[in-house]
Amino acid sequence: MNKTILVGAIVMVSSIILSVSNIALADKDSESHWGGTFERTSTVPAINNALYATECSACHFAYQPGWLPARSWKKMMRNLDDHFGENAELDQMSNDTITSYLVAESADHQANRKSTKILRSIRANDAPLRISTLPYILRKHDEIPQRMIRDNTKVGSAANCIACHTGAAEGQFNEHGVTIPGYGAWED
Ligand code: HEC
Ligand code: HEC
C-alpha cells in the first residue's frame, strides 16, 4: 500500500466514526453530557411490536425489552401460567412471537447505556424477572421514600414505572421527566 492510499483510508475510517457519534449525540437525553467520541444514548428503545404492546400491557406498563437480558425474558415466557401470582398464559404462536421479539431487543442486543449498565450489574448465570429490583434500578431509586412508592395509592409498586416517569412509553427515564403522583416534580 502506498502512502496516499493509507492516508485516504485513515481519513475515511475517521469520518465514519465521526458520523456514527453524531447520530448518537442527536439521540441523547438532555441529562447526559458530551463525554467523548463514543458516548452512547441513554434512551431505552421504545416498543415496536404490536402483539407485545397489546398482550403485555393488560395488567401493567409494557416494559421495554432492553430492561432485561434475553435469559430473563426466556425464563419469564416459559412460566406465564405462574406470572407473579397471575396467570398470563398465551397461545403457543403468540408466545413464540413475543419471545422472539423480547430476545431480539433484549439488553444483550442494546447499545444504550442503561441496558449496558443493567447487564453489568447482574451475574452471568442469574436470570432476574423483576426490573424494579435489579441492582442498577434499586441504586437509582434509593433516595425515594416508600411513602412515595408502595404506600402511595397512586403508584402502589416500584414496578409502576409510568406512574412517575412521564416519558416511560417513549423510553425516556431520565430524572428530569419525573413527577411523583401526589408529590409533584422530583427535585434532586
Ligand atoms: C394477568 C395480568 C398480567 C399480564 C397479562 C402480564 N403481567 Fe406481567 N406482571 C403482572 C403482575 C401482577 C406483576 C407484578 C407487579 C408488581 O409487583 O407491581 C407483573 C410483573 C411483571 C414484570 C416485573 C415488573 C418489575 O420490574 O417488578 C415483568 C418484566 C412483566 N410482568 C412482564 C410481562 C410480560 C412480558 C407480559 C406479556 C407476556 C406480561 N407481563 C403480562 C401481571 C401480568
Ligand atoms: C415512585 C416513582 C417512581 C417509580 C414507580 C419508578 N421511578 Fe424511576 N425514578 C424516579 C425518580 C424520582 C428518579 C430520580 C432519582 C434521583 O435522581 O435520585 C428515578 C430515576 C430512574 C432512573 C435513572 C435515570 C437517570 O438517567 O439516571 C431510571 C433508569 C429509572 N428511574 C427507571 C425506572 C424503571 C424502569 C421503573 C419501573 C420498573 C421506575 N424507574 C419506576 C421515580 C420512579
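The paragraphs below go from the metal site to the pockets and then to a loop.

This is a predicted model: local features need pLDDT of at least 70, side-chain atom pairs count only at pLDDT 80 or more, and totals for chains, interfaces and linings use all residues. Residues are numbered from 1 along each chain as its sequence is written, chains are lettered from A and ligands numbered from 1 in the order in which they are written, and side-chain values use heavy atoms, without hydrogens and water.

Start at ligand 1. Its iron atom is coordinated by His 60 (NE2) and His 83 (NE2), at 2.0 Å. The two histidines link distant parts of the chain, 23 residues apart. His 60 sits in the loop between helix 2 (50–55) and helix 3 (70–78). His 83 sits in the loop between helix 3 and helix 4 (92–104). Helices (H or I, at least four residues) and strands (E, at least two) are DSSP runs, numbered from the N terminus. Donors are N, O and S atoms within 2.8 Å of the metal (3.2 Å for Na, K and Ca).

How accessible is each histidine? His 60 counts as partly exposed because its relative accessibility is 32%. His 83, at 15%, is buried. Buried means under 20% relative accessible area, exposed over 50%, partly exposed in between (1.4 Å probe, protein chains only).

Now the pockets. A pocket is an open set of points on a 1 Å grid over the protein atoms alone, where a 1.4 Å probe fits, with protein on both sides within 12 Å along at least five of seven lines; lining residues have an atom within 4 Å of a point. The second largest pocket has a volume of about 680 Å³. Of its 29 lining residues, the closest to its centre are Cys 59, His 60, Tyr 63, His 83 and Phe 84. Helix 3 gives the most to this lining, three residues.

The largest pocket holds about 1000 Å³ of space. Among the residues closest to its centre are His 141 and His 165. Helix 6 (135–140) supplies the largest share of its lining, five residues.

End at Asn 174, in the loop between helix 7 and strand 1 (179–180). Asn 174 counts as buried, at 11% relative accessibility. A polar atom of its side chain lies 2.9 Å from the backbone nitrogen of His 176.

Conventions. Grid points are joined across faces, edges and corners, and a volume is the space filled by probe spheres set on the points. A polar contact is a pair of N or O atoms within 3.5 Å; within protein, one must be able to donate a hydrogen and the other to accept it, and residues adjacent in sequence count only if both atoms are side-chain atoms.
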